[in-house]
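These are my notebook entries on one protein structure. I set down what I looked up, entry by entry.

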Amino acid sequence: MSIVVGGENLICTLRSWLSRWSIEDSRADATRCAKQISVPFLAIENSADDGAPASHMHEVYAACGAADKRNETIEGANHYYAGQPELLAIATRIKSPRPGYGSTTCLND
């Protein structure tokens, strides 16, 4: 169980915390789940991301099953755009392949 308010976990079990933050113990598999995406897909990579390796976004994008997909890179952007409001503004102006489509979620049981 994990209770999220404002984008961050306030209350969670040890299992949900490990699944979110531990590569070794996580049950999440973005590359596997990306194969199931059939709606237009937009991948945004931050070139100075200090929270996720660049190879991860490349793997997810390559595995994405959507016929309509697009990859964008924000040069110099870090994971949370900390101290980079101008780069965050660039990222928020990127248009999805087809505006109005939602996202796909994959849960590993």
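Predicted model: local features only at pLDDT ≥ 70, side-chain atom pairs only at ≥ 80, totals over all residues.

I looked up the contacts of Gln 84, contact meaning heavy atoms within 4.5 Å. Leaving out residues up to four places away in sequence, Gln 84 touches Gly 76, Ala 77 and Asn 78. The side chain of Gln 84 reaches the backbone oxygen of Gly 76 at 2.7 Å. I placed Gln 84 in the loop between strand S4 (69–74) and helix H4 (85–93). Helices (H or I, at least four residues) and strands (E, at least two) are DSSP runs, numbered from the N terminus. Is Gln 84 buried or exposed? Gln 84 is buried, its relative accessible area being 12%. Buried stands for under 20% relative accessible area, exposed for over 50%, and partly exposed for what lies in between (1.4 Å probe, protein chains only).

Residues are numbered from 1 along each chain as its sequence is written, and side-chain values use heavy atoms, with hydrogens and water left out.

Asn 78 is buried, with a relative accessible area of 14%. Beyond residues up to four places away in sequence, Asn 78 touches Asn 46, Ala 48, Asp 49, Asp 50 and Gln 84. Tyr 81 lies in the loop between S4 and H4 and is buried at a relative accessible area of 15%. I noted its backbone as well: Tyr 81 has a positive phi of about 55° although it is not a glycine.

Entry 4, overall layout. I counted four helices and four strands in the protein. From the N terminus on, the elements run β-β-α-α-β-α-β-α. Of the 109 residues, 22% count as buried. Among contacts between residues at least 6 apart in sequence, 63% join residues at least 24 apart. The protein exposes about 7600 Å², of which carbon and sulfur atoms supply 56%; accessible areas come from the Shrake-Rupley method with a 1.4 Å probe, and for residues only the protein chains shown count as cover.

Which residues make up the largest nonpolar core? I found eight: Ala 34, Ile 37, Phe 41, Ala 43, Val 60, Ala 63, Cys 64 and Ala 66. Strand S3 (41–46) and helix H3 (54–63) are the elements that give two or more residues to this core. A second, separate core of six residues includes Ile 74, Ala 77, Tyr 81 and Ile 94. A nonpolar core is a set of buried Ala, Val, Leu, Ile, Met, Phe, Trp, Tyr and Cys residues joined through side-chain atoms within 4.5 Å. In soluble globular proteins, nonpolar side chains tend to be buried together.

Ala 43 has its place in strand S3 and counts as buried at 1% relative accessibility. Apart from neighbours within four places in sequence, Ala 43 is in contact with Met 57, Tyr 61, Arg 70, Asn 71 and Glu 72. The C-alpha atoms of Ala 43 and Thr 73, 30 residues apart along the chain, are separated by 8.4 Å. With residues up to four places away not counted, Ala 63 touches Thr 31, Ala 34 and Lys 35.

The charged end of Lys 69 sits over the ring of Tyr 61, 4.7 Å from its centre. The rule asks for NZ of Lys or CZ of Arg within 6 Å of the ring centre and within 35 degrees of the ring normal.

Where is Arg 27? Arg 27 is in the loop between helix H1 (14–21) and helix H2 (30–34), and is partly exposed, with a relative accessible area of 43%.

Note on methods
Polar contact = N/O pair within 3.5 Å; in protein donor to acceptor, adjacent residues only side chain to side chain.
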